[in-house]
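Dear colleague,

Please find the structure below, handed over for your own work. My findings follow directly after it.

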Amino acid sequence: MKIGSVDLLSPFAIAPMAGMTDSAFRRLVKRHGGCGLVVTEMVSAEGLVRGIDRTLEYAEYTEEERPVSIQIFGGDPGKMAAAAQVVEGMGADIVDVNMGCPVPKIAKHNAGCSLMREPAHAARVIAAMAKAVKIPVTVKMRAGWNEGERNAPALAKMVEDAGAAAIAVHGRTAAQSYSGSADWALVAAIADDLAIPVFGSGDCVEPEQIVERLASGVQGVLVGRGVLRNPWILAQAADLVRGLPARRVTLEDRGRFLLDYIDLLLCERVRDAEDFRPHSHDRWVINKIRALGSWYTKGLDGGSHLRTAINSASSLAQLRELIGSFFLAAAPVG
Ligand SMILES: Cc1cc2nc3c(=O)[nH]c(=O)nc-3n(C[C@H](O)[C@H](O)[C@H](O)COP(=O)(O)O)c2cc1C
């Protein structure tokens with residue numbers, strides 16, 4: 001499949017998740033296969049335009065992650081167009097616009113999901129961006145703002161007309177946040193109505209669900225929390241599409257993933273860690289493992305004990321030991 005001129009080798013992608021889908025995590029997921037596209041954590045258009053180091057850091061990616069989409073948030077057409085040019089200058093393949101974030105801090109600035117409440121304005125944002133850059137501009141939205149404003153079908157058409165090259169829809173309203181379930185019938189109806197590719201997003205936690213959703217009429221599936229629980233899920237879905245059984249993931253594989261993640265994070269952002277973080281770089285890595293741990297341990301035998309232990313580990317040595325004894329008891333750690 002293609003987004004504009006960008007070829008995707010698989011219709012499955014890692015959904016953008018603030019605080020979670022950093023470059024190290026994306027690389028590890030991508031290495032397993034089955035992942036056609038990665039999207040960065042959302043970054044501020046304002047921060048990009050002003051060249052704020054911290055913002056630029058969130059937008060960093062490595063060559064092995066391509067094709068890469070950088071997701072930006074903001075609400076001013078001129079600033080969003082300028083931010084799209086920064087993204088293009090950074091060499092990204094795609095620039096994506098966040099129209100789904102329900103967090104008040106973002107939504108109150110006329111960004112995130114509140115853009116869905118002003119469809120004509122949202123379309124102007126996309127038109128300004130599409131005019132400013134050559135790379136494809138895409139949009140990620142929700143079903144709408146609330147039950148009374150489920151306007152994703154109309155907005156999707158408007159942003160397509162304004163120049164969007166693809167859209168992704170998480171089938172919940174902002175008011176729902178993560179409660180209830182994602183409305184995939186709505187997403188399939190939008191996919192049916194649009195000429196550009198439509199990705200669906202929401203509630204795929206097993207590889208079989210990803211394949212079923214793809215068959216429901218969307219062109220691609222974005223997987224969020226399912227990847228945090230099981231970073232092999234996209235590779236397993238690709239196995240199923242090929243008619244193979246989904247690959248088995250052992251406890252040892254799961255342990256190695258965490259150890260590799262620690263090692264990659266230790267090499268990240270080292271040069272400026274002192275400038276931005278009051279604590280040491282190790283502390284930042286520990287917090288990252290804790291954040292992932294809250295998802296990664298779900299559904300595992302003894303997972304809640306492991307989660308508590310990860311949350312109370314105070315050094316990387318302790319964390320490595322914990323991971324070793326939980327996942328790799330019979331295998332050498334290193
Ligand atoms: C921790 C977390 C952070 C998220 N951050 C973003 C974000 O930065 N941008 C965005 O468009 N969606 C974000 N989302 C929404 C996901 O991309 C996705 O659409 C949603 O979680 C539903 O898919 P899932 O059920 O597969 O997780 C986030 C979701 C979670 C759980």
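Pro-67 lies in the loop that runs between helix H3 (53-58) and strand E6 (68-73); helices (H or I, at least four residues) and strands (E, at least two) are DSSP runs, numbered from the N terminus. The peptide bond leading from Arg-66 into Pro-67 is cis, its omega being near -5 degrees.

The model is a predicted one, in which local features need pLDDT of at least 70 and side-chain atom pairs count only at pLDDT 80 or more, while totals for chains, interfaces and linings use all residues. Residues are numbered from 1 along each chain as its sequence is written, and side-chain values use heavy atoms, with hydrogens and water left out.

Two further backbone entries concern positive phi angles. Ser-177, although not a glycine, has a positive phi of about 55 degrees; its place is in the loop between strand E9 (166-173) and helix H8 (184-193). With a relative accessible area of 31%, Ser-177 is partly exposed, where buried means under 20% relative accessible area, exposed over 50%, and partly exposed in between (1.4 Å probe, protein chains only). Asp-203, also a residue other than glycine, has a positive phi near 75 degrees and is found in the loop between strand E10 (198-201) and helix H9 (207-215). Asp-203 counts as partly exposed at 27% relative accessibility.

Asp-203 also belongs to the ligand site. The ligand is surrounded by 16 residues, the closest being Pro-16, Gln-71, Ser-201, Asp-203 and Arg-225; a residue is near a molecule if one of its heavy atoms lies within 4 Å of it. This shell divides into 7 nonpolar, 6 polar and 3 charged residues, with Ala, Val, Leu, Ile, Met, Phe, Trp, Tyr, Cys and Pro counted as nonpolar, Asp, Glu, Lys and Arg as charged, and the others, Gly among them, as polar.

The following distances are to an oxygen atom of the ligand:

- Pro-16: 2.8 Å, from a backbone N or O atom.
- Gly-224: 2.9 Å, from a polar backbone atom.
- Arg-225: 2.7 Å, from an N or O atom in the side chain.

The ligand taken alone exposes 620 Å², of which the protein buries 89%; these accessible areas come from the Shrake-Rupley method with a 1.4 Å probe.

Finally, Gly-293 is found in helix H14 (residues 281-296) and counts as buried, at 5% relative accessibility. The C-alpha atoms of Gly-293 and Met-20 are separated by 11 Å, the two residues being 273 residues apart along the chain.

Yours sincerely

Methods. A polar contact is a pair of N or O atoms within 3.5 Å; within protein, one must be able to donate a hydrogen and the other to accept it, and residues adjacent in sequence count only if both atoms are side-chain atoms.
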